[in-house]
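User: Got a model here that I'd like to go through with you. Can we start with the terms and then look at the helices?

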Amino acid sequence: MKAQENEDKNPLSSLEEWEDDVLKRYPEPGVPAKSKEEFRNYDSPEIDSVREFYRLNHKYQTYDNVLAKKENFLKFDKKEMPWWSAMEYLNQLVDDSDPDTSLDQLQHLLQTAEAIRADGHPDWFVLTGFIHDLGKVLCLFGEPQWNVVGDSFPVGCRFSENIVFSEFFADNPDSKDERFNTKYGVYTHQCGLENIHMSWGHDEYLYNITKNYLPEQALYMIRYHSFYSQHRERSYDHILNAHDQEMFKWVDKFNPYDLYSKSPKAPVVSELKPYYEDLIAKYLPATVSL
Ligand SMILES: [Fe+2]
Ligand SMILES: [Fe+2]
């Protein structure tokens, strides 16, 4: 771990820098890709920081890292608070670097949820939109950005070349470990995602927080919403099973709301709060243990 001490563990100026990069990779279908000038009106130091972020993510997201993070965070012994307070707690992660929309976390979540609601989807789908990034509180517990955000992917088997900046996996010790560097690694043909460890981050964390309370479709959306190499390139069909493929239709349904609902018009939190408090009360316990 010595080398890590010399690295800036948080190269992104905010977590949104990763999401903005995802949006550039996967622009909204039918909408011409925004030019960089339109999207961000200053030149791009962010390209280097996104690159550095992925270098760290791909180097350190090992099978053992995932097991260690699960061991620590799935005890849920860090904090307990009402759900709405947790959403406000997440909002301490402010993004003061983003000239595009300058929306905070709560506003991104409300925009995602309101876009889902406007399309007439079931209320649990709206709630999923509202809470889907709550797992980013990991940052507030001192976790480095590479253990919180970034495209997620299975660990324990060969890393797909379709994962962004896949060349950086050369520095991941699992790439040289015979247990993990074959097509199937520790898994078997179409063994199903339920038997697979994903890289650690806000998706996996929130899935574990909500798994006893939300419909299975919602849990797939939460757990796999950053699994872009599967959404977009279907790179892991050999380990997904038929049920995963069925459920992934919901992940695909959710994804555009996450990526394409950003609008510069900030939702009025006080107007929306009663509706979301009711939704929380309908599906979730009074408090959340983080
Ligand atoms: Fe997310
Ligand atoms: Fe999101």
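Analyst: Two residues are in contact if their C-beta atoms, placed from the backbone, lie within 7 Å. This is a predicted model, where local features need pLDDT of at least 70, side-chain atom pairs count only at pLDDT 80 or more, and totals for chains, interfaces and linings use all residues. Residues are numbered from 1 along each chain as its sequence is written, with chains lettered from A and ligands numbered from 1 in the order in which they are written.

User: What covers the buried residues of α12?

Analyst: The cover includes α7 (105–118), α8 (123–131), α10 (216–224) and α11 (228–231). Helices are DSSP runs (H or I, at least four residues), numbered from the N terminus.

User: And which residues of α12 are buried?

Analyst: Asp244, Met247, Phe248, Phe254, Asn255, Tyr257 and Asp258. Buried means 20 or more other C-beta atoms within 10 Å of a residue's own, with C-beta atoms placed from the backbone.

User: Switching to α8: at what angle does it pack with α13?

Analyst: About 110 degrees, with the axes 10 Å apart; axes are lines fitted to C-alpha atoms over the stretch in contact, and angles run from 0 to 180 degrees between N-to-C directions. So α8 is roughly perpendicular to α13 (65 to 115 degrees).

User: Which residues make that contact?

Analyst: Asp123, Trp124, Val126, Leu127 and Phe130 from α8 meet Tyr276, Leu279 and Tyr283 from α13.

User: How much of the chain is buried?

Analyst: 41% of its 290 residues.

Methods
Buried ≥ 20, exposed ≤ 12 C-beta atoms within 10 Å, placed from the backbone. Helix = DSSP H or I, 4+ residues; strand = E, 2+ residues; numbered from the N terminus. Parallel < 35°, antiparallel > 145°, perpendicular 65-115°, else oblique.
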